[in-house]
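This report describes one protein chain for a reader who has the sequence and the model at hand. Please consult both while reading the sections below.

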Amino acid sequence: KSMKCITHHWVKIELLAVKRQHWKKQIGTLLLGGALYQASHKTNSKHSRIHNKCILHVAGGMQNIPAMRLYNKFGFMLSPDGLFQKPN
């Protein structure tokens, strides 16, 4: 497959953040939910529907407790160690 064929299925979210003063108002939930909805309903002429696979990289890792809670709410899980490391 060509690189274009493989990568057209990806949606990249660079940053999802809510100022601390607005935490606990479900704004992060709305932002992520909206982004995932848009990604899952993207269409193009060659493929009728593109959906259902997402990978997250959490800035701050496991120490970013608010982000981990949010992503867990949406069903994201930790990947096995080394799954996405570059080969030597």
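## Cysteine 54

Cys 54 counts as partly exposed, because its relative accessibility is 41%; buried means under 20% relative accessible area, exposed over 50%, and partly exposed in between, with a 1.4 Å probe and protein chains only. Cys 54 is found in the loop between H2 and H3. Helices here are DSSP runs (H or I, at least four residues) and strands are DSSP runs of E (at least two), numbered from the N terminus.

Once neighbours within four places in sequence are left aside, Cys 54 is in contact with Leu 36 and Phe 76, contact meaning heavy atoms within 4.5 Å. The C-alpha atoms of Cys 54 and Ala 39 are separated by 9.2 Å, and the two residues are 15 residues apart along the chain.

## Basis of the model

The model is predicted: local features need pLDDT of at least 70, side-chain atom pairs count only at pLDDT 80 or more, and totals for chains, interfaces and linings use all residues. Residues are numbered from 1 along each chain as its sequence is written, and side-chain values use heavy atoms, with hydrogens and water left out.

## Overall architecture

The protein contains three helices and zero strands, and its elements run α-α-α from the N terminus on. Of the 88 residues in the protein, 12% are buried. Among contacts with a separation of 6 or more, 43% are between residues 24 or more positions apart.

The protein exposes about 8100 Å², of which carbon and sulfur atoms supply 58%. Accessible areas come from the Shrake-Rupley method with a 1.4 Å probe; for residues, only the protein chains shown count as cover.

## Packing of H2 and H3

The axes of H2 and helix H3 (residues 65-73) come within 10 Å and cross at roughly 50 degrees. These axes are lines fitted to C-alpha atoms, for helices over the stretch in contact, and angles run from 0 to 180 degrees between N-to-C directions. H2 is therefore oblique to H3; angles under 35 degrees count as roughly parallel, over 145 as roughly antiparallel, 65 to 115 as roughly perpendicular and the rest as oblique. H2 passes H3 in a right-handed crossing, a term for a near helix turned clockwise from the far one by less than a right angle, anticlockwise being left-handed.

On the H2 side, the contact is made by Gly 28, Thr 29 and Leu 32, and on the H3 side by Leu 70, Tyr 71 and Lys 73. These residues divide into three nonpolar, two polar and one charged. Ala, Val, Leu, Ile, Met, Phe, Trp, Tyr, Cys and Pro count as nonpolar, Asp, Glu, Lys and Arg as charged, and the others, Gly among them, as polar.

## The loop between H1 and H2

Leu 16 lies in the loop between helix H1 (3-7) and helix H2 (27-40) and counts as partly exposed, at 26% relative accessibility. Beyond its neighbours within four places in sequence, Leu 16 is in contact with Gly 28, Leu 31, Leu 32, Leu 70 and Tyr 71.

Phi of Lys 24 is near 70 degrees, a positive value in a residue other than glycine, and Lys 24 counts as exposed at 77% relative accessibility. Gln 26 is found in the loop between H1 and H2, with phi near 65 degrees, a positive value in a residue other than glycine. At 46% relative accessibility, Gln 26 is classed as partly exposed.
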